[in-house]
Amino acid sequence: MTLPTKAVLQQLEQIQKQASEELEKINDPKELQLWKVRYLGRKSRLTQVLRSLATLPLEERRKVGVRGNEVKNILESSLAEREKILEEARIASSLKYKKLDVTLPGQPLSVGRLHPITQTLEEICDIFKGMGFQVIEGPDVEWDYYNFEALNIPQEHPARDMFATLWVDAEVEGGKARLLRTHTSPVQIRLMEKKRPPIRVVVPGRCYRYEATDATHESMFYQVEGLAIDKNITMADLKGTLFEFCRCLFGEERKIRFRCDYFPFVEPGAEVAIECLACHGAGCRVCGYTGWVEILGAGMVHPDVLRRGGIDPKAYSGFAFGMGVERMPMLRYGIDDIRLFYGNDLRFLKQF
Ligand code: 2U9
């Protein structure tokens with residue numbers, strides 16, 4: 001072995017020893033990085049030795065090459081080991097400061113809930129289901145015929161003023177214009193066309209009116225309407241059904257008032273009011289100082305409406321009713337602005 005080769009091998013031994021000793025003492029990842037540059041980097045002594053192999057005779061080149069690569073492998077695996085030790089130490093010390101208490105309660109999960117109007121719709125429908133009614137639904141966009149004409153409200157009838165309408169089509173003759181339904185009644189007309197009595201249905205759904213919004217009006221709101229048609233249905237059935245409904249929703253003790261009213265699609269028509277929930281009948285701002293709040297309209301289905309639905313008014317009679325849904329939670333919980341339901345403010349919605 002020539003002298004220079006011996007010297008190079010000695011140099012490799014020295015590099016390995018020195019690098020290993022230094023590595024043992026390193027406890028900081030930045031220092032570790034510097035060590036890597038120093039002993040394994042492009043300008044390190046080891047890299048220079050390996051590059052200079054070409055100048056040695058073949059036999060010696062092999063010896064130095066084998067040893068040089070051995071040293072390189074040893075340094076690389078020592079580095080990986082040291083990196084692992086430092087990482088484990090880092091995790092251990094972070095746990096030491098943030099001691100993990102496995103007995104602590106977990107982060108609360110925020111659970112979704114049904115919208116207060118959906119809850120009210122379900123509650124109202126459940127009460128009627130308990131009395132043998134079926135729940136049905138229909139389209140929001142309707143023909144003039146189903147929304148008005150079939151319900152005794154022909155064009156130019158003054159009752160159309162009661163239903164400020166959002167039209168989909170510009171004026172079209174003969175009940176052919178489309179509109180956003182102003183009540184859910186068209187669904188019952190469609191049902192009468194298809195199904196023979198006995199009929200007992202409730203119809204929940206969105207309705208639309210062309211109105212300026214304020215604390216008690218929205219251009220979109222929900223209604224639940226009902227219809228019962230059979231042989232010998234009387235006003236007593238209507239009154240009994242609606243009184244039972246009011247007792248279920250507002251309590252057994254709540255006083256209920258039943259008075260005459262007018263709607264083109266029923267004859268006779270009636271209006272149901274309950275004793276004011278805010279003042280218990282004494283009179284306050286909520287009830288306009290009358291002690292009563294109106295919650296329902298109703299009546300016996302007009303014979304012309306039955307006939308248009310394909311049902312013989314001589315053989316059958318029926319009652320119908322309708323209510324605005326938002327009004328129910330407003331009265332119950334003392335909510336004074338209908339717009340709160342559709343403002344999507346979670347501070348409001350989370351209360352229900
Ligand atoms: C058919 C026949 C009759 C449904 C009825 C009312 C009375 C009524 C209003 C209450 C408050 C609507 O939301 S509101 O403005 N409704 O007073 N609705 S009788 O009568 C019908 C429906 C369908 C075939």
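R181 is buried, with a relative accessible area of 2%; buried means under 20%, exposed over 50%, and partly exposed in between, with a 1.4 Å probe and protein chains only. This is a predicted model, in which local features need pLDDT of at least 70, side-chain atom pairs count only at pLDDT 80 or more, and totals for chains, interfaces and linings use all residues. Residues are numbered from 1 along each chain as its sequence is written, and side-chain values use heavy atoms, with hydrogens and water left out.

The side chain of R181 meets that of D140 in a salt bridge of 3.4 Å, N to O. A salt bridge is a side-chain nitrogen of Lys or Arg within 4 Å of a carboxyl oxygen of Asp or Glu. D140 lies in the loop between β1 (134-135) and β2 (141-143), and R181 in the loop between β3 (178-180) and α7, so the pair ties together parts that are 41 residues apart in sequence. Helices (H or I, at least four residues) and strands (E, at least two) are DSSP runs, numbered from the N terminus. D140 counts as partly exposed because its relative accessibility is 24%.

By this rule there are 18 salt bridges. One of them joins the side chains of K129 and D126 at 3.5 Å, N to O. Both residues lie in helix α5, three residues apart, about one turn of the helix. K129 is partly exposed, with a relative accessible area of 46%, and D126 also counts as partly exposed, at 46% relative accessibility.

The next topic is the ligand. Of the 18 residues around the ligand, Q223, F263, F265, G297 and G322 come nearest; a residue is near a molecule if one of its heavy atoms lies within 4 Å of it. An oxygen atom of the ligand is 2.9 Å from an N or O atom in the side chain of Q223. Taken alone, the ligand exposes 560 Å², and the protein buries 87% of that; accessible areas come from the Shrake-Rupley method with a 1.4 Å probe, and for residues only the protein chains shown count as cover. Strand β9 gives the largest share of the shell around the ligand, five residues.

I338 counts as buried because its relative accessibility is 6%. From C-alpha to C-alpha, I338 and A215 are 5.5 Å apart in space, although 123 residues apart in sequence.

Notes:
A polar contact is a pair of N or O atoms within 3.5 Å; within protein, one must be able to donate a hydrogen and the other to accept it, and residues adjacent in sequence count only if both atoms are side-chain atoms.
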